Amino acid sequence: IPSAMAVAAFGGEQFNQDSKKELKEIKDIIAVASLTHNKKALIVLENGHVWRQLDADTTRVRIKKVAGKPVVVKRQVLGSHMMKIDGGRGFKVRRVK
């Protein structure tokens, strides 16, 4: 089980240069999901993290009725992140908060 500090720092390298890189993934529950003006997913997790689908990612993400569903965010090569909602198809994201 990862520590609360490691989970809080996950994906936040742009906010905190000292964030721990050992953590490979986090699992949480979606609190709120919406689409941006250019139809990219914006996901708020129960732990307070806010993740946004990358503009370059062309995956169509269905956000209806996803609140309360489990999500996994995995670290990929070169510092990118992949999100899967309820075991579905993955899409590339960046943590914005």
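These legends walk through several close-up views of one predicted model.

Local features are described where pLDDT is at least 70 and side-chain atom pairs where pLDDT is 80 or more, while totals for chains, interfaces and linings use all residues. Residues are numbered from 1 along each chain as its sequence is written, and side-chain values use heavy atoms, with hydrogens and water left out.

**View 1. The strands form a closed barrel.** Welcome to the overall fold: 6 strands follow one another in the order β1-β2-β3-β6-β5-β4, with antiparallel pairing. Strands here are DSSP runs of E with at least two residues, numbered from the N terminus, and two strands pair if DSSP finds at least two bridges between them. From one strand to the next, the twist averages 45°; the axes behind such angles are lines fitted to C-alpha atoms, and angles run from 0 to 180 degrees between N-to-C directions.

**View 2. Strands β3 and β6 run side by side in antiparallel fashion.** Look for the 3 bridges that join β3 to β6.

**View 3. K40 is a buried lysine without a salt bridge.** K40 sits in the loop between β1 (25-35) and β2 (41-45). "Buried" means under 20% relative accessible area, "exposed" over 50%, and "partly exposed" in between, using a 1.4 Å probe and protein chains only. A salt bridge needs a side-chain nitrogen of Lys or Arg within 4 Å of a carboxyl oxygen of Asp or Glu. For K40, the nearest side chain of opposite charge belongs to D57, 5.6 Å away; Lys and Arg count as positive and Asp and Glu as negative, with His and the chain ends not counted.

**View 4. Backbone oxygens meet the side chain of K40.** What lies 2.5 Å from a polar atom of the side chain of K40? It is the backbone oxygen of D57. The K40 side chain also reaches the backbone oxygen of D55, at 3.4 Å. Leaving aside residues up to four places away in sequence, K40 touches S34, L35, R52, Q53, L54, D55, D57 and T58, where contact means heavy atoms within 4.5 Å.

View 5. The side chains of E25 and K27 meet with N to O at 3.8 Å. E25 also forms a salt bridge with K74, whose closest N and O atoms are 3.9 Å apart. This second pair links distant parts of the chain, with K74 in strand β4 (residues 70-75) and E25 in strand β1, 49 residues apart. K27 is exposed at 63% relative accessible area, whereas E25 is partly exposed at 27% and K74 is partly exposed at 38%.

**View 6. A salt bridge joins D86 and K69.** Their side chains meet at 3.9 Å, N to O. D86 lies in the loop between β5 (81-85) and β6 (91-95), and K69 in the loop between β3 and β4, 17 residues apart. Both are partly exposed: D86 has a relative accessible area of 46%, and K69 is at 31%. A search of the whole structure finds 4 salt bridges.

**View 7. G48 sits in a loop.** You will find G48 between β2 and β3 (50-53), partly exposed with a relative accessible area of 39%. The C-alpha atoms of G48 and K97 are separated by 7.9 Å, although the two residues are 49 residues apart along the chain.

Note on methods:
Helices (H or I, at least four residues) and strands (E, at least two) are DSSP runs, numbered from the N terminus. A polar contact is a pair of N or O atoms within 3.5 Å; within protein, one must be able to donate a hydrogen and the other to accept it, and residues adjacent in sequence count only if both atoms are side-chain atoms.
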